[in-house]
Structure formats: structure tokens, C-alpha cells
Amino acid sequence: MKITLLGIDDERLIRPLQLIADLFFEECEVRLTTNEADEVPDYTIKIDLNQKLTKFLVSVSLRNLCTGITYTETSQRTWPNPDENEKEAFKLIKREISRCFLLTLQHETGIIQKWGFLTGIRPTKLLHKEVQMGTPKEIAHQKLKDEYMIHTEKIDLMQQIVERQLEMVPDLYDLKNEVSIYIGIPFCPTKCAYCTFPAFAINGKQGKVDSFLGGLHYEMRKVGEWLKEKGICITTIYYGGGTPTSITAEEMDLLYEEMYNSFPSVEKVREITVEAGRPDTITPEKLEVLKKWKIDRISINPQSYTQETLKAIGRHHTVEETIDKFWLARKSGMKNINMDLIIGLPGEGTEELSHSLTETEKLMPESLTVHTLSFKRASEMTRHKNRYKVADRAEVEKMMDMASCWTIEHGYVPYYLYRQKNILGNLENVGYASPGQESIYNIMIMEEMQTIIGLGCGASSKFVHPQTGKITRFANPKDPKSYNEGYQHYTEEKIKMLDELFSEMPVIK
Ligand code: SF4
């Protein structure tokens with residue numbers, strides 16, 4: 001699918017229009033007009049912009065070159081500030097062009113986008129910003145409707161989530177002087193077809209695992225020393241990956257011992273989570289280790305309760321194993337268990353989801369994260385897309401509604417959400433929890449209110465400036481070989497960045 005842009009040559013418009021076109025079409029390319037006679041587009045978008053002293057008029061015409069049908073949308077706005085600088089003026093024009101473009105595409109395809117032309121990953125951040133500025137609720141909601149064309153249903157979901165987060169973490173806006181820690185363990189028993197995480201099949205790789213853990217212990221010690229020296233507290237710690245329970249019980253034991261020895265006041269950390277995502281990695285010995293170190297929030301992820309689906313996506317464990325391991329964890333004293341489901345896995349429709357929800361009802365985990373399948377560029381599933389048959393947009397939406405109704409009926413509340421590119425039906429991933437059992441780390445990572453230091457393979461650090469809120473990122477390498485060769489360098493770089501970020505904090509001696 002090719003869309004050519006006419007009437008305007010500002011390259012800054014290509015990306016936002018491309019993101020909007022991607023909501024409607026698979027593999028679509030938006031480009032500026034070219035002179036190459038052989039490249040006939042499927043659509044043209046003609047943009048007219050008329051700027052007057054106090055007003056500007058935008059007109060967008062989408063023409064289907066095959067049917068000859070054209071849809072035109074116009075918008076007339078008043079400059080809020082006649083002395084608007086160029087950057088702000090461009091933002092306003094871009095918004096109006098985006099709005100008109102979205103409307104023409106909705107006419108052409110019949111698809112209504114409930115998130116409007118918002119294409120960002122973290123919609124709730126927009127609402128938090130308004131809450132922090134003290135904007136009354138109705139005005140904030142109206143802004144989201146006007147500025148992005150978000151539908152009431154999605155705004156209500158955002159509102160519910162923001163309220164839940166502030167109830168769970170009342171000092172959410174004041175945690176800038178603390179940090180959270182993410183620890184990435186890049187190994188899994190096998191690689192799932194939809195996965196793009198750093199996850200390397202662990203079997204036969206003991207040498208690599210040993211060196212990796214050596215590097216990780218080093219990073220924990222160095223960063224721990226720095227935190228102690230600066231007197232900075234840790235809000236939450238999260239072990240992800242990969243599957244952090246794919247290493248042995250002894251290795252886990254040494255790692256958590258290192259955490260207690262290296263990090264400041266671990267007993268005061270609000271939450272420590274270990275993803276035990278793959279049930280085939282959970283053993284009674286590992287559960288004992290988790291208990292010994294007072295880690296009582298884990299994830300056991302079924303994704304689906306249909307065996308053929310698990311086989312099709314490369315998860316080499318059985319449905320029974322998920323259920324058995326859930327009860328094993330429960331009996332060993334795990335009080336906060338999260339389970340993930342994915343809507344729209346290959347071959348799945350409402351029937352399979354209904355079955356998964358019925359099975360979930362028998363377990364009633366404290367939290368349930370409902371993902372919508374996304375075709376990530378680097379996954380096996382995307383590379384061989386034609387081999388995987390997935391539900392259409394209408395069915396995916398129906399499944400999302402089913403899951404949402406089910407959570408309400410069973411006493412769960414939504415507490416975080418994020419969107420992804422190439423997600424089926426342009427929907428979202430939503431974390432639900434029994435009130436009071438929400439994961440604080442998930443709130444911190446989504447709302448970007450504090451620095452998260454990433455240690456280990458594939459761990460990316462997000463530095464949030466305590467005063468300005470400016471975000472800088474830093475990524476550790478994704479593959480164990482590069483990590484093992486360079487972990488000292490990556491640790492030094494991070495500490496340098498932390499020094500700069502927290503330079504105004506007094507040193508505690
Ligand atoms: S268990 Fe998770 S991290 Fe591991 S391969 Fe599957 S999706 Fe990726």
C-alpha cells in the first residue's frame with residue numbers, strides 16, 4: 001500500500017501521517033510526491049493549508065486511485081496565541097492535518113479508531129500531566145477528545161487507571177528522588193514465536209550463564225554502592241527477561257543474597273517481583289528460595305489454556321503444568337501471583353478466550369494482564385506471518401470486551417495500560433488486579449515518574465531527571481556474549497549518568 005502526499009513538502013509530516021496510516025493498513029508507506037512515473041500510489045493525500053492573521057484553515061483530501069472516490073475533511077482554527085513560535089505553530093497544524101487525515105481514512109475504510117490519532121505507548125501519562133497541573137476532570141477529558149479524538153470509553157478507562165494508581169501509590173508524583181531497579185536475565189527454556197525479548201534457550205549454555213551471572217553480580221554491587229553513597233532509596237525491584245527462574249535454584253539463591261548485601265535497605269523496598277513466566281521453570285526448590293528472600297510477587301503466564309495454541313507459538317509446556325505450578329506456588333505461600341493472557345493468538349477466537357477465562361476463574365490470581373497480540377518486527381511470527389492465522393479486527397475487539405467484562409464481574413480493576421505498534425485491532429494491553437494487589441513496578445514503568453536502573457542483559461535504563469522530568473535512556477547489550485565482554489564498561493557509563501542526574505542530591509556519609 002502506497003500513499004503519496006501532495007501539496008506540501010514538509011518532511012516532518014511524513015512520520016505522524018505514517019503512524020496514522022499504519023492504524024488502518026498493514027505494510028503501508030506514506031511518502032512525499034515523487035517524479036518517478038512507475039510508482040503509482042494506491043492513494044493520494046492532498047493537503048491545503050491556508051494561514052491568515054488569526055486563523056488557519058486545513059483541508060485534507062484522500063483519493064483512492066483505484067475507485068476514484070475522494071473524501072475531504074476541513075478544519076478551521078484560531079491561533080490560540082498570535083505570536084506562536086514556529087515549533088508550536090507546526091504542532092497545531094500537524095494536529096489538525098492528523099485529525100482530518102484520520103477522518104478521511106475512517107470514511108474510506110469504515111474502521112473507527114477509538115484511540116483517535118493518538119499513537120503513543122502510554123496514554124495515561126497525558127491524563128497524569130493534567131492531574132498534576134490541577135486541571136479539572138471534565139476539562140482534561142475534553143482536551144483528550146479535542147486534541148486526539150479519543151473516544152469516551154477509552155478516556156473513562158484512563159481515568160479509572162489514573163485513580164487506581166494514585167490510590168495504590170499516593171506519593172506517585174513525589175518519587176523522583178528514589179529509583180526502581182530492573183534486572184534482566186536473558187534465558188528461557190525455548191523461544192516463543194511472538195517474542196522479541198532477549199531470551200536465549202538455556203540448555204547447553206552453562207558457560208555463558210556463569211559468566212553472565214558474574215557480570216550481573218558485579219553490576220549489582222557497583223550500583224548498590226553508588227545508591228548507598230548517595231542515600232537514594234529503592235522503590236521497587238523487578239526481575240524480568242527472559243525468564244529469571246530459568247537459572248538454577250542455587251544461582252537464584254546467590255543472586256538474591258547479592259541483592260540484600262549490595263542494595264540499600266532491601267527490607268524497605270515496596271515490592272520485589274520475579275517473573276516466573278514459563279511454568280516449566282518452576283520447581284519446589286526455586287519457590288523455597290523465593291520465600292527465603294521474601295519475594296512473594298511472581299508471574300506465572302499461561303498466555304492461553306488451549307494446548308494446540310501453546311504448541312503453535314513454541315511454548316513447550318502443557319496447560320496442566322501451568323495449573324499445577326500455580327497451585328504449587330500458592331501452597332508454598334505465594335500471596336501475589338500475576339497471570340498473563342494474550343488475546344488473538346494464532347487460531348484463537350472468542351471460544352478459546354472464553355475457555356481461558358473459565359480456567360482463570362478456577363485459579364483467581366491476584367492480578368491478570370490481558371495483552372493483545374502484536375506483530376513485532378523481529379519475531380519469528382512476523383517473519384512467517386502467513387503461517388499464523390489470526391482473528392480479524394471485529395473478533396479481537398469482541399474478545400477484548402469479553403475480557404474486560406469478565407474482570408469487572410470477578411472484582412478486578414484496571415490499573416495500567418500500554419499500547420504497542422502493530423497490535424491487533426489497534427487495541428491495548430491492560431493490567432487488572434484485585435484492589436490493593438496492583439504491581440507498583442508496573443505503575444512506575446508506565447508512568448515514567450522516576451528513574452529505573454536496568455541491570456543485566458537487554459536491560460534498558462530510563463533516567464528521569466528529578467527536577468525537569470527529562471528522560472534519557474541507556475541500553476545494556478541484548479546478547480549475553482556482548483554483555484559478558486562489556487559489563488564493566490556499561491556499569492561505569494550508567495554510574496556516570498546517575499552522577500549527573502542526581503548531582504544536586506547531598507552525599508550521605
Ligand atoms: S517465555 Fe517470555 S521471554 Fe521467554 S521466549 Fe517466551 S515470551 Fe520470550
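1. In this note, helices (H or I, at least four residues) and strands (E, at least two) are DSSP runs, numbered from the N terminus. The model under discussion is a predicted one. On that basis, the secondary structure of the protein amounts to 15 helices and 18 strands.

2. As to overall dimensions, the radius of gyration is 24 Å, close to the 23 Å that the globule rule gives for 509 residues, so the protein is as compact as a globular protein of that length. The C-alpha trace spans about 70 × 55 × 45 Å along its principal axes.

3. Burial and contact range may be considered together. Of the 509 residues in the protein, 41% are buried. Among contacts with a separation of 6 or more, 75% are between residues 24 or more positions apart.

4. Helix 11 covers residues 350-363 and helix 13 covers residues 393-409; their axes come within 10 Å and cross at roughly 20°. Because angles under 35 degrees count as roughly parallel, helix 11 is described as roughly parallel to helix 13. The crossing of helix 11 and helix 13 is right-handed.

5. The residues that form this contact can be listed from either side. Helix 11 contributes T350, L353, S354 and L357, while helix 13 contributes E395, K398, M399, M402, A403 and W406. By class, the contact of helix 11 with helix 13 comprises six nonpolar, two polar and two charged residues.

Definitions and conventions. Residues numbered from 1 in each chain as written. Predicted model: local features only at pLDDT ≥ 70, side-chain atom pairs only at ≥ 80, totals over all residues. Axes fitted to C-alpha atoms, helices over the stretch in contact; angles between N-to-C directions. Parallel < 35°, antiparallel > 145°, perpendicular 65-115°, else oblique. Left-handed = near helix turned anticlockwise from the far one by under 90°. Contact = placed C-beta atoms within 7 Å. Nonpolar A, V, L, I, M, F, W, Y, C, P; charged D, E, K, R; others polar. Rg over C-alpha atoms; globule rule 2.2 N^0.38 Å. Buried ≥ 20, exposed ≤ 12 C-beta atoms within 10 Å, placed from the backbone.
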